[in-house]
Amino acid sequence: MTTNTTTYILTGSSQTKLGVLDLIISSLYRNDCYAYEMHTFDDADTDRFFFRVEFNYRGNGEFSEADLRSQLADRAEAFEVKWELRDLAIPAKVVILVSKYDHCLQDLLHRYSTGALNIEIPAIISNHPDLKKQADWYNIPYYHLPVTAETKAEQEAQMWQIIQETGADLVVLARYMQVLSEDMCKKLHGRAINIHHSLLPGFKGAKPYHQAYDKGVKLVGATAHYVSEDLDEGPIITQGVEPVDHTYTPERLVAKGRDTERVTLAKAIKLHVEDRCFLNGNKTVVFPGH
């Protein structure tokens, strides 16, 4: 018996029905595949079953992905299972949107370059020219697309063209200080992640950390969520929180908040590109990662 070191992920969901779990396990067994990590969740509120399985080939000869796909398709149809199968080693293509704040961008570029995130970055899009030097350092194409109220529709059309031409699997708003249109939100449903400070909705508008300082907050945090038509209210993927105290100046609060934002965003991206996140209405099912 040989072990194929290539790792595959089988993910999906269905209505709660007897036999779905057997379908998954038996299909892998018939193809000499060994499932070494499995997560399932049955949501009683929505009557929906979610699953994620990591596996590799443990048989003799060559593994046939086509055969497994064919068997899954035949058997899953009877259970109305929506499923996806992919090679985990293939990096996800991520287009990054950014404005002037660079802390999240810098962090993602570092994690990308060191392999901490299994992603490719085919494009960085910004409404300002300021961060082009960071993109140039990593030899990533940088698109400066200025936006005003009059040019917003044209700018988004250019943005959408870049997203399509690069074959982006995911779009990340790494402190992109523009509100996406309802149409763009619909186009990017389930594959666009935003990061914002968790002081919302308490402190909106300009200088939220200065507002928080004036109120003497004792916690700062960040929320990473999928983009939706409701501003900053999309399904939450992950959140981070850090304690602060009376010694924190507004500047220290900003620094602590930005640090929390970058870490929280990176965690959300990692969970997404490892296929650990599932949309479930206005919420998410997120299986734990390593």
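What is the volume of the largest cavity? In this predicted model, local features need pLDDT of at least 70 and side-chain atom pairs count only at pLDDT 80 or more, while totals for chains, interfaces and linings use all residues. Residues are numbered from 1 along each chain as its sequence is written, and side-chain values use heavy atoms, with hydrogens and water left out.

The structure holds 1 cavity of 30 Å³ or more, and the largest cavity has a volume of about 40 Å³. A cavity is here a set of points, on a 1 Å grid over the protein atoms alone, where a 1.4 Å probe fits but cannot get out, and lining residues have an atom within 4 Å of a point. By class, this lining has 9 nonpolar, no polar and no charged residues, including Phe 51 and Trp 83. Helix α1 (20-30) gives the most to the lining, with 3 residues, and both α1 and α2 (65-79) supply at least two residues each.

In helix α7 (residues 208-215), the buried residues (under 20% relative accessible area, with a 1.4 Å probe and protein chains only) are Pro 208, Tyr 209 and Ala 212. Seen down the axis of α7, these residues fall within an arc of 95°, so they line one face of the helix. They pack against β9 (192-197), β10 and α8 (250-273), where contact means heavy atoms within 4.5 Å.

According to UniProt, in an unreviewed entry, the feature "active site" is placed at Asp 232. Asp 232 is found in the loop between β10 (219-226) and β11 (236-243), and is partly exposed, with a relative accessible area of 27%.

Terms used
UniProt positions are given in the numbering used here, feature names are shortened, and annotations may be inferred rather than shown by experiment. Helices (H or I, at least four residues) and strands (E, at least two) are DSSP runs, numbered from the N terminus. Buried means under 20% relative accessible area, exposed over 50%, partly exposed in between (1.4 Å probe, protein chains only). On a 1 Å grid over the protein atoms alone, a cavity is a set of points where a 1.4 Å probe fits but cannot get out, and a pocket is an open set with protein on both sides within 12 Å along at least five of seven lines; lining residues have an atom within 4 Å of a point. Grid points are joined across faces, edges and corners, and a volume is the space filled by probe spheres set on the points. Ala, Val, Leu, Ile, Met, Phe, Trp, Tyr, Cys and Pro count as nonpolar, Asp, Glu, Lys and Arg as charged, and the others, Gly among them, as polar. The arc is that of the directions from the helix axis to the C-beta atoms.
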